[in-house]
Amino acid sequence: MIPAALENAIYGLVSTPALHLADKHGIFRCLIDDGQADAAAVAARLGVDQDTTQRLLLVLVALGVLRTGADGTFSVPADVRPYLDRRDERYVGGFVEHLIVHTPTRLPRLETFLTQGKAATDAAQPGPFETFYRDEQATRAFVEAMWNLSYAASHELARLAGLRDGELLVDVGGASGPFAIAALQYRPGLRAVVFDLPPVEPYLREAGRAHVVADRLDFVAGDFFRDDLPEGDCIAFGYVLSDWTDQMCLGLLRKAYRACRPGGRVLIMERLFDDDRRGPLATAVMNLEMHAETQGRHRTVAEYTDLLAQAGFSAAAVRRSSGDKHLVTGHKGRGA
Ligand SMILES: C[S@@+](CC[C@H](N)C(=O)[O-])C[C@H]1O[C@@H](n2cnc3c(N)ncnc32)[C@H](O)[C@@H]1O
């Protein structure tokens with residue numbers, strides 16, 4: 001009998017596309033709206049093939065994503081529902097789509113990295129964001145995936161960050177504003193600036209209007225490797241440092257230190273490895289994915305604390321969220 005852990009590792013190749021297909025074609029939506037339904041009813045309602053629908057549903061049941069009853073109907077368990085419901089801000093489908101689109105082209109490169117090293121094989125490749133932003137459609141897909149991944153988690157992170165009214169938040173690489181907008185919603189007296197590459201601006205403006213915070217939200221276009229960061233009380237990096245090498249992160253944190261007003265702080269929001277690096281699974285998987293997609297990696301709290309200290313920040317502390325994006329903070333002294 002193959003151990004369950006090994007079995008999951010083997011069949012993951014089929015499981016993720018099954019999840020993605022069911023989401024893309026509205027199967028989850030149908031089950032969520034109807035409460036429960038059999039494959040024939042789902043297929044009829046969506047105008048899709050019944051046999052294929054049944055097989056997809058059975059894989060998802062075996063994975064524990066769906067439930068099935070003695071009457072042959074399928075349903076989405078309550079704890080899974082928010083993550084598969086496009087109308088819920090915890091919806092993960094955009095992120096799954098991002099993995100499905102990018103992984104098949106990126107993952108094969110891992111074999112070359114394995115046998116020849118990443119530096120040697122990656123040198124001639126365009127930078128990760130030149131690829132992500134290669135055209136309007138790809139840009140929108142990337143920005144939406146980031147929104148899906150970060151907005152729901154940002155409500156809790158904004159609370160953990162101890163943001164105060166009257167402060168200016170600078171969200172570096174803030175994309176279409178998942179953290180900046182959640183922070184503005186949490187603190188009505190806060191102002192925020194998103195600093196990001198020029199192609200991101202229309203998406204940030206659009207999200208600011210849609211969430212009625214545009215009057216307190218600004219965008220500064222720039223390249224954080226070339227330009228200085230805007231000055232602020234709180235300099236945030238959400239899923240940014242995990243894109244880059246330690247040396248590049250140190251450069252960014254030193255810029256953040258200069259941009260941070262005395263008495264201010266830096267917020268690093270990231271997945272974290274356990275101290276012994278035995279998990280969590282999502283961090284370990286995304287650490288490999290980051291290797292294929294970017295120049296970065298995931299780190300332990302101690303590694304972030306060390307980078308913060310080297311950049312001049314003191315009193316580093318970690319605040320763990322209930323999800324998988326956590327907060328590491330560092331402070332700049334009042335007299336600094
Ligand atoms: C992985 S996304 C994170 C988005 C968002 N902060 C979040 O937590 O979901 C990285 C962000 O860094 C931005 N970025 C990448 N390279 C940059 C550069 N050289 N200068 C400014 N922003 C950059 C990207 O445009 C993108 O919005």
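Mentor: Helices and strands are DSSP runs, numbered from the N terminus. This is a predicted model. In it, Tyr-239 lies in the loop between strand S6 (232–238) and helix H13 (246–259).

Trainee: Is Tyr-239 buried or exposed?

Mentor: Buried means under 20% relative accessible area, and exposed means over 50%. Tyr-239 has a relative accessible area of 11%, so it is buried. Its backbone also deserves a look: phi of Tyr-239 is near 50°, a positive value in a residue other than glycine.

Trainee: Where does Val-212 lie, with its positive phi?

Mentor: Val-212 is not a glycine either, and its phi is about 55°. The residue belongs to the loop between helix H12 (201–210) and strand S5 (217–221). With a relative accessible area of 68%, Val-212 is exposed.

Trainee: Why is helix H11 described as largely enclosed by the rest of the structure?

Mentor: Apply the cut-off for burial to each residue of the helix. H11 covers residues 178–186, and seven of its nine residues are buried, so the rest of the structure largely encloses it. The buried ones are Pro-178, Phe-179, Ala-180, Ile-181, Ala-182, Ala-183 and Leu-184.

Trainee: What comes in the loop between H11 and strand S4 (191–196)?

Mentor: Leu-190 is found there. Its relative accessible area is 0%, so Leu-190 is buried. Leu-190 and Arg-164 are 26 residues apart in sequence, and their C-alpha atoms are 6.7 Å apart in space.

Trainee: How many residues apart in sequence are Ala-145 and Gly-93?

Mentor: They are 52 residues apart in sequence and 8.4 Å apart in space, C-alpha to C-alpha. Ala-145 has its place in helix H10 (residues 136–160). At 1% relative accessibility, Ala-145 counts as buried.

Trainee: Is Asp-71 buried or exposed?

Mentor: Asp-71 is exposed, because its relative accessible area is 52%. It lies in the loop between strand S1 (67–68) and strand S2 (74–75).

Trainee: What lies 2.5 Å from an oxygen atom of the ligand?

Mentor: A polar side-chain atom of Tyr-133 does. An N or O atom in the side chain of Asp-196 is also 2.5 Å from an oxygen atom of the ligand. For a nitrogen atom of the ligand, look at Asp-223: an N or O atom in its side chain is 2.9 Å away. Taken alone the ligand exposes 590 Å², and the protein buries 96% of that.

Trainee: Where does the ligand sit?

Mentor: The ligand sits in the second largest pocket.

Terms used:
Residues numbered from 1 in each chain as written. Predicted model: local features only at pLDDT ≥ 70, side-chain atom pairs only at ≥ 80, totals over all residues. Heavy atoms only, no water. Buried < 20%, exposed > 50% of the residue type's maximum accessible area, 1.4 Å probe, protein only. Helix = DSSP H or I, 4+ residues; strand = E, 2+ residues; numbered from the N terminus. Polar contact = N/O pair within 3.5 Å; in protein donor to acceptor, adjacent residues only side chain to side chain. Areas by Shrake-Rupley, 256 points an atom, 1.4 Å probe, with all protein chains shown as cover. 1 Å grid on protein atoms, 1.4 Å probe; cavity = no way out; pocket = protein on both sides within 12 Å on 5 of 7 lines; lining within 4 Å. Sits in = over half its atoms within 2 Å of the grid points.
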